[in-house]
Structure formats: C-alpha cells, structure tokens
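User: I'd like to learn how to read the features of a model like this one. Could you walk me through it, starting with charged pairs?

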Amino acid sequence: MANWEHGLCDCTSDIRVCCISYLWPQLQVMQQRSTVDGRQCEITDCLFTALCFPCVTCLTRSQIREKHGIEGSGVMDCLTVCYCTLCVIHQQTMQLQAKGEKPSGLFMN
C-alpha cells in the first residue's frame, strides 16, 4: 500500500493551493470529486457538496485513497475530515496534482 504524497499538515508546500482550499473548501472538494470520477464538474457536484459537505468530503477522500492504493479506512477518512477538514482538502488536492490528475483543484490546470 502507498502513502499520501504530502502530509496532512504540509499546507505550506503550495501556498496557492492552501489559500484556495481555505477560502473556498466546498468548491475545491466539488472539483476533486469530478476529477476523481474522470469527468467535468457538474451541477450535481455543486448540489451534493453544498447539501452535505462533510459526507462528500469523506467520500471523495475514500475514492482518492482507493484509486491511488493508499492505506486507510472509511472510519479514519471520516475522523480525519471531522477534525482536520481544511488540511484534508489541501492534502487531497496535492495528491491529485502529484499523480497528474487534472484539474486537481480549483483554478489549477
């Protein structure tokens, strides 16, 4: 099993991603969700993320983890999201970027 490319508290590795993740976390997760599914961002992503942000963030984290073979569990994903939401969003964006998945986050190519 692999590990995350960037640590959970590695927010200063890319200050632009950090700022976007902290200022617009819902938009960042919405973009991550569509990128993991390999499609364009749609209105359903916006609705799901707006209505149930914590659940969508947990689901997206689990999908990224499974897709990249990262060790962990659904329970740990949910606990991590509950206690470190903004750091999780940054870490997920950096993971997608490191694996060459585009767009890995909002305002990123």
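Analyst: Happy to. A salt bridge here is a side-chain nitrogen of Lys or Arg within 4 Å of a carboxyl oxygen of Asp or Glu. This is a predicted model, so local features need pLDDT of at least 70 and side-chain atom pairs count only at pLDDT 80 or more, while totals for chains, interfaces and linings use all residues. Residues are numbered from 1 along each chain as its sequence is written, and side-chain values use heavy atoms, with hydrogens and water left out.

User: Which residue meets Arg65 in a salt bridge?

Analyst: Asp77 does, with 2.9 Å from N to O. The pair links distant parts of the chain, with Arg65 in helix α4 (residues 53-67) and Asp77 in helix α5 (residues 74-83), twelve residues apart. Helices are DSSP runs of H or I with at least four residues, strands are E runs of at least two, and both are numbered from the N terminus.

User: Are Arg65 and Asp77 buried or exposed?

Analyst: First, the scale: buried means under 20% relative accessible area, exposed means over 50%, and partly exposed lies in between, using a 1.4 Å probe and protein chains only. Arg65 has 7% relative accessibility and therefore counts as buried. Asp77 is buried as well, at 3%.

User: How many salt bridges are there by this rule?

Analyst: The count comes to eight. One of them joins Lys99 to Glu5, where the closest N and O atoms are 3.3 Å apart. Lys99 lies in the segment after α6 (85-98) and Glu5 in the segment before α1 (15-23), so this pair ties together parts that are 94 residues apart in sequence. Lys99 is partly exposed, with a relative accessible area of 42%, and Glu5 is partly exposed at 42% too.

User: Where is Arg39 placed, and what does it touch?

Analyst: Arg39 sits in the loop between α2 and α3 (43-51). For touching, the rule is that contact means heavy atoms within 4.5 Å. Setting aside residues up to four places away in sequence, Arg39 touches Arg33, Ser34 and Asp45.

User: Ser34 has come up now. Is Ser34 buried or exposed?

Analyst: Ser34 is buried, with a relative accessible area of 0%, and its place is in helix α2 (residues 25-36). Its contacts, again leaving out residues up to four places away, are Arg39, Gln40, Cys41 and Asp45.

User: Which charged residue is buried yet has no salt bridge?

Analyst: Asp14 is such a case: the nearest side chain of opposite charge, Arg16, is 4.6 Å away. For charges, Lys and Arg count as positive and Asp and Glu as negative, while His and the chain ends are not counted. Asp14 is in the segment before α1 and touches His90, Met94 and Gln97, with residues up to four places away not counted.

User: What about Thr85: which residues is Thr85 in contact with?

Analyst: Leaving aside neighbours within four places in sequence, Thr85 is in contact with Phe53 and Thr80. Thr85 lies in helix α6 and is partly exposed, with a relative accessible area of 22%. The C-alpha atoms of Thr85 and Tyr22 are separated by 9.5 Å, although these two are 63 residues apart along the chain.

User: Now let's step back. How many helices and strands does the chain have?

Analyst: There are six helices and zero strands. Buried residues make up 44% of the 109 residues. Among contacts between residues at least 6 apart in sequence, 71% join residues at least 24 apart.

User: What radius of gyration does the chain have?

Analyst: The radius is taken over C-alpha atoms, and the globule rule is 2.2 Å times the number of residues to the power 0.38. With 109 residues, a compact globule would have a value near 13 Å, and the chain has 12 Å, which agrees. The C-alpha atoms fill a box of roughly 35 × 30 × 25 Å along the principal axes.
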